[in-house]
Amino acid sequence: MGSDFIQLLLNGLSLGAVYALFALGYTLVFSVLGVINFAHGAVFTLGAYFTYLLIGGAVGANGLLAGFQLPIALPFWLALPLAGLGAATVALLIERLAFRPLRERNADPLLALITSLGAGVVLVNLIQLLVGAESYAIPSGSLGGLPVAIQLFGAQVRTVQLLLLLVATVLLAALSLWIDGTRSGKALRAVSEDPTTAQLLGINSHRMVQIAFGLSGFLAGLAGGLVGLSVSLAGPYFGIGYGLKGLGVLVLGGLGSVPGAVLGGLLIGLAEACVPAAWSGYREVVAYGVLFVVLLVRPQGLLGKPLATKV
Amino acid sequence: MTPPLLELENLGVRFGGLQALDAIELAVQPGEIFGLLGPNGAGKTTLFNLISGITPPSRGRVLWRGSEITNLDPSRINRLGIARTFQNLRLFHSLNCRDNVLVGLHRQARLPWAAALLGTAAGRRRQQTLRDQAQHLLELLEIGSLAHQPAAALSYGDRRRLEIARALASGPELLLLDEPAAGMNPSEKEALRLLIRRLQSQFKLTVLIIEHHVPLMLSLCDRLAVLNFGKRIALGTPEAVRQDPQVIEAYLGVGGVV
Amino acid sequence: MGAAFHDASLLQQMLIGALLGLSVYLPLSCGQLSLATPGFYAIGGTTAALLSTRVPALGGGDPTYPLSSVMLEMAVAALVSGLLALGIGKLVLRLRGIYLAIATIALVEILRVTTLNQEALGGAVGIFGIPQPFNNPGGYAAFTLVVLALICWLFARLEDNRTGRAMAAIRDDELAAACQGIDTAQTKLLAFVFSALVAAITGVISAHFFNSWNARLGNFDASITTRAFVVFGGSRTWLGPVVGGLLLTALPELLRPVGDLRLIVFGLVILVGPLLAPQGLVTPERLQGLGRSLQGLRRAPGGGEPTEALDPGPR
């Protein structure tokens, strides 16, 4: 019983950590631009594929790159951050192509929902074109000498889950330290609270937007690599489901709130882990059900600021 | 004795730590032009927002013809006969001027479902009557020639006039004007003063008006109230208010020239 | 028969796209960023699939499925989705902007997963062998064209009267609209429910046309693609989403020759489209301009400069 509970808790927390990383990426962009980046799921997917390639994985027979394999095979702990950087680069590219032109033209910011989706469609289909639609697995042996599973409080725990939890915790801590403790972090917050005043204070909001996209891409890339290791890369579309749930997490925690994204992620992860096996088909809607209720009872989310109307 | 048209009882509102309005008492009589004076941030627009149902008050009551309307929503309040304009202009910018006024005619524009859907002859005649009504209102405000211009293309003064036309379209008894002369030059202000007088007598309106231009207010209004820091510091005829020492100190400044 | 068959089938899909575009357009035309259309589309499709395959009486014994039964399915689908939209709309329309968008995405996903998990609703496999009221795509296209024309006509009427103006006013400035005595909550709800009805009716047609139905037809991708129809065509007059729906549905088919690059090009188009035409292809101003030049052409039948005949008198 006790070990079951720990297993459940760990499943929930590690899943929740992924959602939290996801939602944080959304939140960073939302807080500076006030829009959702619908290409975020595709960036996550790319992170997973980058990781797979960097550890020396070979491309299957169906894509243009059939049989391709990098000449090097990096250890996972090195491949993961590099994949994160790759994903960050792509996120910056998305900003350049799908977001910045709208700002330059003073267009309705909500159009970014469509342009970013366009970018996502391009990325996902590019992946499919290059490496095919089959699923890939990152071998658990990639963790080097680490055992596949360890005993913890009498429960059999997969090392991957612990790793996920650990990396997520470190990243989240680093991010909140950065936002509260550094000049650029504070500048980011200033831009999110009042872009015009921030501009007057000499903060380059354009630069902050890039930082937000870069960071969100990096987080998504890491999350993608970790999920790839933990579950597998189930085809070019596998990030989309996570992306949608990330939206739920985002609203649950409160749009634009960093602690909210973490809290929301963990709550939804735990809630999903608690769904009994007989109802497993409905696991996917837990996030949306919770989201729906929260939206109606408290639209600003758990930790968001109340929405004000200006006259 | 008939009750006042609009009565505010002990009305107050707080935003966070800020007491924006405190214990406001006012009674507006039918047919009068009532002015609200006060420096920026005194709470005048907030008072309009409370009356028109946009902001809920923290305490106190708003009475319309003696019955309470305190927490009604803006559309209900408009339908009772209170229309307003906005200090920072809230026109329907993608619609042309005539359609802006037609939106104001919303309540009168109701058609039987069948006539609306099928576009029957009777329905078309009704639409034409409404369009004529809208055109008439535009002409009253001296912007009749701009009927087909998009609202966004208008000059500042014309936009203020269009807002008044739109507000009149909903057939109000009480018209709230929030700085209708802002951004106008002296001769435009004088024209506006005459216009408000004319509209007031033509439509048998009661007018509650916020304006910074003191000479305009003194010559236009029957009575005035002066707000400062959310409190009502004076109330009375233009002559009385102008000589009130508190007003001179708080608003006009010592030695202020009126 | 090959090419003609294919053309009519493509036309039919384009018409479905136009109908879905209109469904998304309606809440958007009063400023509500609702992405619920695929959910109600799925309800329509599932209703039609269930009724036509599980209720033998509807078949009428003919080899072709009677059109009156399709109409009946439409009525049932409209009723079900209309009632649901009424209930859900009351709750979610209090939300604004991106919050409303996310709530409606959640709604669509809840409906999808529920259908996926209920064997009675088709489950993961879906419902097959939906009977055919027409024996060729041309018949479908003709029928759908009539439905589309009818709905377009209703939309045109709507935009011409007080409700349409109220919707435009709410889109421009909801608070100012309320201050003109417009019951904004009721108007938004009306748009939401009517949008659900259009989507459900479209779902009924699609289920028969596709011959099978499954939960995947109403998913998040559909939410966004249908939204793209409106962004593309323009969201300020009903003609916009019709044009957007027709074009964007045809596009992947027209791109078939480029093979695997098809969806990439499609993605590029929806990435670049809003940048080039933020207001969409069809705007009231462009329509007016077009109308004026047509008038000009008519007045100067010799094909003279349309601009010359443009301003005959003072405006």
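How many residues of domain 1 of chain B are in contact with domain 2 of chain B? In this predicted model, local features need pLDDT of at least 70 and side-chain atom pairs count only at pLDDT 80 or more, whereas totals for chains, interfaces and linings use all residues. Residues are numbered from 1 along each chain as its sequence is written, and chains are lettered from A and ligands numbered from 1 in the order in which they are written.

Chain B is divided into domain 1 (1-81 + 172-258) and domain 2 (93-171), with bounds that come from an automatic or database domain assignment. A distance of 27 Å separates the C-alpha centres of domain 1 of chain B and domain 2 of chain B. The contact between them involves 10 residues of domain 1 of chain B and nine residues of domain 2 of chain B; two residues are in contact if their C-beta atoms, placed from the backbone, lie within 7 Å. On the side of domain 1 of chain B that touches domain 2 of chain B, the elements giving two or more residues are helix H2 (74-80) and helix H7 (186-202) of chain B. Helices (H or I, at least four residues) and strands (E, at least two) are DSSP runs, numbered from the N terminus. This side of domain 1 of chain B consists of six nonpolar, two polar and two charged residues. Ala, Val, Leu, Ile, Met, Phe, Trp, Tyr, Cys and Pro count as nonpolar, Asp, Glu, Lys and Arg as charged, and the others, Gly among them, as polar.

Chain B holds an open sheet of four strands in the order S2-S1-S4-S5, with antiparallel pairing; two strands pair if DSSP finds at least two bridges between them. Strand S2 (18-28) and strand S5 (67-68) of chain B are at the edges and have a single partner strand each, so one side of each is left without a neighbour in the sheet. Strand S1 (residues 6-15) of chain B runs antiparallel to S2(B) and is joined to S2(B) by seven bridges. Leu11(B) is placed opposite Ile24(B) in S2(B), and Leu8(B) has Leu26(B) as its bridge partner in S2(B). A hairpin is formed by S1(B) and S2(B) with two residues between them, and Gly16(B) in the turn has a positive phi of about 60°.

A further open sheet of chain B has six strands in the order S6-S7-S8-S3-S9-S10, and its pairing is mixed. Its edges are strand S6 (82-84) and strand S10 (231-236) of chain B, each with a single partner strand, so one side of each is left without a neighbour in the sheet. On average, neighbouring strands of this sheet are turned by 20° against each other, direction ignored. Strand S3 (residues 33-37) and strand S9 (residues 223-228) of chain B run parallel and are joined by four bridges, with Leu36(B) opposite Ala225(B) in S9(B). Helix H1 (residues 44-51) of chain B lies across S3, S6, strand S7 (174-178), strand S8 (206-210) and S9 of chain B and runs at about 150° to S7(B). Axes are lines fitted to C-alpha atoms, for helices over the stretch in contact, and angles run from 0 to 180 degrees between N-to-C directions.

Between chains, 22 residues of chain C are in contact with 29 residues of chain B. Helix H5 (137-160), helix H6 (162-172) and helix H7 (174-178) of chain C each provide at least two residues of the side of chain C that touches chain B. H6(C) gives the most to this side, with six residues. The side of chain C that touches chain B has 10 nonpolar, four polar and eight charged residues.

The contact of chain A with chain C involves 37 residues of chain A and 31 residues of chain C. At least two residues each of the side of chain A that touches chain C are supplied by helix H3 (76-104), helix H4 (112-131), helix H9 (238-253) and helix H11 (283-297) of chain A. The largest share of this side, 10 residues, comes from H4(A). By class, the side of chain A that touches chain C has 28 nonpolar, six polar and three charged residues.

Within chain C, the axes of helix H2 (residues 37-54) and helix H8 (residues 184-210) come within 6 Å and cross at roughly 45°.
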